[in-house]
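Student: I would like to learn how to read a protein model step by step. Could you take me through one slowly, giving the general idea before each case?

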Amino acid sequence: MSRVDVAASGTVERSTEPIVAWRSWALTGRSDGTHLLLRPVAGRAHAWRPREIATATCKRRGVLHEAPAIGCRCGLHASQTLDILRRTKCPAVLGRVALWGRVVEHELGYRARFAYPQRLRLICQFCFWQKGPLGSGPTVVGSYPRDELVPLCPAHLESAYENGMAPRRLLRADQVDQRLRETYAVDPLAI
Amino acid sequence: MDIGPPKRIIEIEPVVLPMPEPAPEERRPAVEPTPVPVEPGG
């Protein structure tokens, strides 16, 4: 069904069960590993704050409208499969996310009005791009300018040094991972 | 992320919100991340 067909049908199904789907985030925090914050991997959308419902808003095309709208790309995005996420820019955290409110279901994913993470896990973005979730076991988290935190496996930490991308400081990935889950009060993602 | 064309619209009103209660202000995580010494060159 095309965008026009969905809009024209006017049919809205109703449910009381949140949809749970895949999502990746970028991660920011202080160089000591505090003030961890999940952020969208693309664009300038708002950060996902701990213990607060993430709410979609949209001002695209100059008009504030309720998100997600059928004629727009707005809303909190999540995917049905992990493979799509391997193409996202700079993912640091992989997780399962609950979606509710108005949800537009697409062929390969969703756009939702409200969301909150359910399970989280740090990933080495380079391993994730190359091998998927099975190859993404970071041992350290590098601290970079603008509070960017990048989980890295030993091989890709070495590559970072070789390519002039040395982190300012390194933290233990298992401790950042645990702190992230405590901060958001969610369970670990086992894959 | 390309999620393809839209299929349907669902209005979901959960009986229980899928998120934790707000934390008390004084709550602090049990684990303090330990810095790992950075060795030059690698």
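Predicted model: local features only at pLDDT ≥ 70, side-chain atom pairs only at ≥ 80, totals over all residues.

Student: What scores does the model have, and what average pLDDT does chain B have?

Tutor: The model scores ipTM 0.86 and pTM 0.87. Since pLDDT is the predictor's confidence in each residue, from 0 to 100, you can read chain B through its average of 77, with 64% of the residues scoring at least 70.

Student: How many helices and strands does chain A have?

Tutor: Helices (H or I, at least four residues) and strands (E, at least two) are DSSP runs, numbered from the N terminus. Chain A has four helices and 13 strands, whereas chain B has zero helices and two strands.

Student: Why does the radius of gyration of chain A agree with that of a compact globule?

Tutor: The radius is taken over C-alpha atoms, and the globule rule is 2.2 Å times the number of residues to the power 0.38. For 191 residues that rule gives a value near 16 Å, and chain A has 18 Å, which agrees. Along its principal axes, the C-alpha trace of chain A spans about 55 × 35 × 30 Å.

Student: What share of each chain counts as buried?

Tutor: A residue is buried if 20 or more other C-beta atoms lie within 10 Å of its own, exposed if 12 or fewer, and partly exposed in between, with C-beta atoms placed from the backbone. In chain A, 46% of the 191 residues count as buried, and in chain B, 14% of the 42 residues do.

Student: How is strand β10 of chain A covered, and which strands does β10(A) pair with?

Tutor: Two strands pair if DSSP finds at least two bridges between them. Strand β10(A), residues 140-144, is mostly covered, with four of its five residues buried. Five bridges join β10(A) in the antiparallel sense to β11(A), residues 148-152, and here A:Val140 stands opposite A:Leu152. These two strands form a hairpin with three residues between them, and A:Arg146 in the turn has a positive phi of about 60 degrees. Strand β10(A) also runs antiparallel to β12(A), residues 169-172, over four bridges, where A:Gly142 stands opposite A:Leu170.

Student: How many residues of each chain are in contact with the other?

Tutor: Two residues are in contact if their C-beta atoms, placed from the backbone, lie within 7 Å. By that rule, 29 residues of chain B are in contact with 49 residues of chain A. The largest share of the side of chain B that touches chain A, seven residues, comes from β1(B). Strand β1(A), residues 12-15, pairs with β1(B) in the parallel sense over four bridges, and A:Val12 stands opposite B:Ile9.

Student: Is A:Glu107 buried or exposed, and which residues of chain B is A:Glu107 in contact with?

Tutor: A:Glu107 is found in the loop between β8 (93-106) and β9 (109-122) of chain A. A:Glu107 counts as exposed because there are 12 C-beta neighbours inside 10 Å. Leaving aside its neighbours within four places in sequence, A:Glu107 is in contact with B:Ile3, B:Gly4, B:Pro5 and B:Lys7.

How values were computed. Residues numbered from 1 in each chain as written. Chains lettered and ligands numbered in written order.
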